[in-house]
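I opened a new notebook page for this structure. These entries set down what I looked up, in the order I looked.

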Amino acid sequence: MPQSEHSELDAYLIRALQQDGRKSVLDLAREKGVSRHVVAERLHVLREKEGLRVVAALDPSAVGHHVLTHSMARVEGPVRAAAEQVAELPDAVFVSITSGDRPLVFESRHTNCGDLISTLDQVRTISGVREIRVTTYVDVLRGFFVARELKPIRLDGLDHGLIAELQRDGRASYRTLADAVRLSPSAVRTRVRRLIDSGAIRIAAIKSGGLSPARFATGLGVILQGQDQRVRDFILNSQTIEFAARSHGAFDFIATAVGSSSAEVLRTVEDLREFPEVSVVETWAHYDLIKEDYTRSLGRVLDAVPPRPGDPTDAH
């Protein structure tokens, strides 16, 4: 298959698995009109060489994470040592070294504001950290872990076990999952479907956070001077913006634009600047992603919640 066809197929596979991470190889092949062998081969290449992963992510509110923040720190001297210490904090889910006068950027998730303050206090004790600017997410608009609709659901110990396995490999077979939690494959299928349908988890493909000449990631901080609706609509429909949140604090929107070239990302920035409702678009280039792990803190919460007496067990 020519390289151009490989690129087209790879792009299709990534998009399809971002929508449904458990879609079968057969279904992917049928939809694209190619053989199962070709799809399986390209998925192997995407996993091994491009860092593509299919994982389960819990909606943050499903495990009590109601305070989500984006922080930018001014650091005196080299940044890496400070960034690596922030990455060790359990509530930090994303840590990056960036351009700009606040070159340490991190996201954190917390059960309450007290936990947030505790984390910020720990960051301030790190050698070299001089100032932290915090923006709080009000509404996450784009992001692979965001549920389209979250329905009430009670998670028991077996659900916790399944989620932990799916966080490691979202495409694990029902037989593999069944062996891990000691249920029948049919019972596991029912439980996984229930978790997905409730919005508690989403199983989707995510690209490796590693940067390369073919992957430019730029953070955007948008400050408004008018209503937000047109800017919100642009963000929701952009092909370049992978993550975005309505926020308050330093910025009214926080976003990440990713493209195959700096010019592609710049077009998105310039398009945003054209809106009369936009006062400022501040940007920072991601030079090195130190940590991108949206399951670690979620797993810590799950591990801390043992099944309670009387929790329902599967009937199969």
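**Cores**

I started with the largest nonpolar core, which has 33 residues. Leu13, Leu28, Leu177, Val188 and Val192 have the most contacts inside it. I took a nonpolar core as a set of buried Ala, Val, Leu, Ile, Met, Phe, Trp, Tyr and Cys residues joined through side-chain atoms within 4.5 Å. Buried means under 20% relative accessible area, exposed over 50%, partly exposed in between, with a 1.4 Å probe and protein chains only. The elements that give two or more residues to this core include helices H1 (3-19), H2 (25-32) and H3 (36-48), and strands S1 (53-58) and S6 (201-206). H1 gives the largest share, six residues.

I then looked up Leu177. Leaving aside neighbours within four places in sequence, Leu177 is in contact with Arg22, Leu162, Glu165, Leu166, Ala172, Val188 and Val192. Contact means heavy atoms within 4.5 Å. Another core, of 20 residues, lies apart from the largest one. Val75, Ile97, Leu116 and Ile126 are among its residues.

**Ground rules**

The model is predicted: local features need pLDDT of at least 70, side-chain atom pairs count only at pLDDT 80 or more, and totals for chains, interfaces and linings use all residues. Residues are numbered from 1 along each chain as its sequence is written, and side-chain values use heavy atoms, with hydrogens and water left out.

**Overall counts**

I noted eleven helices and ten strands in the protein. Helices (H or I, at least four residues) and strands (E, at least two) are DSSP runs, numbered from the N terminus. Of the 316 residues, 50% are buried. Among contacts between residues at least 6 apart in sequence, 77% join residues at least 24 apart.

**The barrel**

Which strands form the closed barrel? I traced eight, in the order S2-S4-S3-S10-S7-S9-S8-S5, with antiparallel pairing. Neighbouring strands of this sheet are turned by 35 degrees against each other on average, direction ignored. Helix H9 (residues 229-237) packs on the sheet and touches S5, S7, S8, S9 and S10. The direction of H9 makes about 80 degrees with that of S5. Axes are lines fitted to C-alpha atoms, for helices over the stretch in contact, and angles run from 0 to 180 degrees between N-to-C directions.

I checked single pairings next. Two strands pair if DSSP finds at least two bridges between them. S3 (residues 92-98) and S4 (residues 104-110) pair antiparallel over five bridges. Ile97 has Leu104 in S4 as its bridge partner. Six bridges join S5 to S8, also antiparallel. There, Thr136 has His248 in S8 as its bridge partner. Five bridges join S8 to S9, and a hairpin of three residues links these strands. Phe243 stands opposite Thr256 in S9.

**Rings**

I counted three aromatic pairs. Rings of Phe, Tyr and Trp (its six-membered ring) pair if their centres lie within 6.5 Å; planes under 30 degrees apart count as stacked, over 60 as edge-to-face and the rest as tilted. Tyr137 and Phe243 have ring centres 5.5 Å apart and planes at 55 degrees, so this pair is tilted. Tyr137 is in S5 and Phe243 in S8, 106 residues apart. Both Tyr137 and Phe243 are buried. Phe234 and Phe275 have ring centres 5.6 Å apart and planes at 65 degrees, so this pair is edge-to-face. Phe234 is in H9, and Phe275 is in the loop between H10 and S10.
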